[in-house]
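Try each task before you read its solution.

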Amino acid sequence: MCGRFTITVPYEELLLRYYIDEDTNTNYEPSYNAAPMQYIPAVVKGSNGNRLGSLRWGLVPSWAKEDKIASKMINARAETITEKPSFNRLIASRRCIIPADGFYEWQQRTKSKQPFRIILKDEGIFSFAGLYDMWMDPNGNRLATCTIITTAPNSLMADIHHRMPVILRNEDEAEWLDRDHADVPALMQLLRPYDSNEMRAYPVSSEVGNVRNNDAKLLEEVKPADLL
């Protein structure tokens, strides 16, 4: 699964990275420990180009009776998206990108679990493939939510965890965001493990396990817990 990630770059860098001309997200703040049920930055394709906004992490399907389901919908398995009622209609029409510059995963060790931060070797921004939906409560209040798609691990991630988030290749991002693109089999071909040769992982402090911790110290490399 993917349950924590980082997006620490300045707002202006996000606008440049995703070719966004319009200032649409004044609430953006860098996060060193983004977690489910928080509002996270997301890119969607608007009528006048890409737009950057905020979505709450944890999908609430438009047909849900209540929003409590969100905590169970932070990820969508690529292999079963077309089979699940919560996701199958979204793949053709409500796709988004979740910008990140790293994500955390926990490796099971002899005595404990060791958290790792996984980044690109060039330490740049990358794009999680996501889906979003709009939900309305009985009072008419709208809630925009999202989920991050996961897939089988690449060779780097296989040593840490049995799943990894789908990271889109740069050249596939425009296709994923294209609102006029509804060829589901073609879109499904984009949901594959990212090239492990372009990634690296390093151990970080167990403090990342507490969602209240959110500062740059979480990014620092540490010795694995069972080697201390």
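**Exercise 1. Which residues have the most contacts inside the largest nonpolar core?**

Solution. The largest nonpolar core has 57 residues. Those with the most contacts inside it are Phe5, Ile98, Phe103, Phe128, Ile149 and Trp176. A nonpolar core here is a set of buried Ala, Val, Leu, Ile, Met, Phe, Trp, Tyr and Cys residues joined through side-chain atoms within 4.5 Å. Buried means under 20% relative accessible area, with a 1.4 Å probe and protein chains only; exposed is over 50%, and partly exposed lies in between.

Next, the source of these residues. Strand β9 gives the largest share of this core, five residues. A second, separate core has seven residues, including Tyr104, Tyr202, Val208 and Leu218.

A note on the model: it is predicted, so local features need pLDDT of at least 70 and side-chain atom pairs count only at pLDDT 80 or more, while totals for chains, interfaces and linings use all residues. Residues are numbered from 1 along each chain as its sequence is written, and side-chain values use heavy atoms, leaving out hydrogens and water.

**Exercise 2. Find the aromatic pairs of Phe128 with Phe5 and with Phe126, and classify them.**

Solution. Start with the rule. Rings of Phe, Tyr and Trp (its six-membered ring) pair if their centres lie within 6.5 Å; planes under 30 degrees apart are stacked, over 60 edge-to-face, and the rest tilted. The structure holds five such pairs.

Take Phe5 and Phe128. Their ring centres are 5.6 Å apart and their planes stand at 85°, so this pair is edge-to-face. Phe5 lies in strand β1 (residues 4-7) and Phe128 in strand β9 (residues 126-136), so the pair ties together parts 123 residues apart in sequence. Strands are DSSP runs (E, at least two residues), numbered from the N terminus. Both Phe5 and Phe128 are buried.

Now Phe126 and Phe128. This pair is edge-to-face too, at 5.5 Å centre to centre and 70° between the planes. Phe126 is also buried. Finally, Phe5, Trp57, Phe103, Phe126 and Phe128 form one aromatic cluster.

**Exercise 3. How many disulfides are there?**

Solution. Apply the cut-off: a pair of cysteine sulfur atoms within 2.5 Å. The count comes to zero.

Check Cys2. The nearest cysteine sulfur, that of Cys146, is 11 Å away. Cys2 is buried, at 0% relative accessibility.

Then check Cys146. Cys146 is buried, with a relative accessible area of 0%.

Conventions
Helices (H or I, at least four residues) and strands (E, at least two) are DSSP runs, numbered from the N terminus.
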